[in-house]
Amino acid sequence: MAAQNATETGSLAKRYAGALFDLADDKHQLDAVVADLAAIDKMIDESADFRRLINSPILTRTEQGKAIAGIAQAAQFGPLIAKFLGLLAQNRRLFALPAMIQAFKKMLADRRGEMTAQVWSARALSAEQQSALTETIKRAHGAKVTMEVKVDPDLIGGLIVKVGSRMIDSSIRTKLQKLQLAMKGVG
């Protein structure tokens, strides 16, 4: 059942993201829209209150619409994103916003011939580290690379890098988990 819901959310997200992409492209606002979406993505990552707002089945359409309009105004989002968020609230689709953002970014990367690499690290990476990682990924995949770097202190150390469907996990947390499993097998 969860897989079916994920598939439904994914196709819903692609439809909405496609509509937003086409509209932003027609109005020559792709860069502005992707910047606003990146700000929203950051809000989702950093604010439990914002996550509750977009995922709440209890709030009415009107309540979600007013809250999201206030956030859009305070964050100074462009009119296209503000209207898009209002539409999502009206249609009770805010829960799919993270998937829509990812779908939009993928469409833009495909258009530009770029790859997106998602990177999780235990601590913030320096500009030099990000540059070196970007170069390494670019050499391995032969395409321009855009990186989305997120900090996850639970990793203890190391990195997790996801490019497309391929994931490389060299985090200390995973190595410790593997060691713990191996130790269980011995004892």
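A salt bridge is a side-chain nitrogen of Lys or Arg within 4 Å of a carboxyl oxygen of Asp or Glu. In this predicted model, aspartate 45 meets that criterion with lysine 150, their closest N and O atoms being 3.2 Å apart. The pair links distant parts of the chain: aspartate 45 lies in helix 2 and lysine 150 in strand 2 (residues 144-151), 105 residues apart. Aspartate 45 is partly exposed, with a relative accessible area of 43%. Lysine 150 is also partly exposed, at 23%.

The structure holds nine salt bridges. Another joins aspartate 41 to lysine 105, with 3.3 Å between the closest N and O atoms. Here helix 2 (residues 30-46) is linked to helix 6 (residues 97-112), across 64 residues. Both aspartate 41 and lysine 105 are buried. Asp41, Lys105 and Glu148 form a salt-bridge network. Glutamate 114 and lysine 144 pair at 3.5 Å, N to O. Glutamate 114 is buried, with a relative accessible area of 15%.

Strand 1 (residues 114-121) runs antiparallel to strand 3 (residues 159-163), joined by five bridges. Glutamine 118 stands opposite lysine 162 of strand 3. Strand 3 also pairs with strand 4 (residues 166-169), antiparallel, over four bridges. Isoleucine 160 has aspartate 169 in strand 4 as its bridge partner. Two residues separate the strands of this hairpin, where glycine 164 takes a positive phi near 65°.

Arginine 92, following helix 5, has a positive phi near 60°.

How values were computed. Residues numbered from 1 in each chain as written. Predicted model: local features only at pLDDT ≥ 70, side-chain atom pairs only at ≥ 80, totals over all residues. Heavy atoms only, no water. Pairing = 2+ DSSP bridges. Buried < 20%, exposed > 50% of the residue type's maximum accessible area, 1.4 Å probe, protein only.
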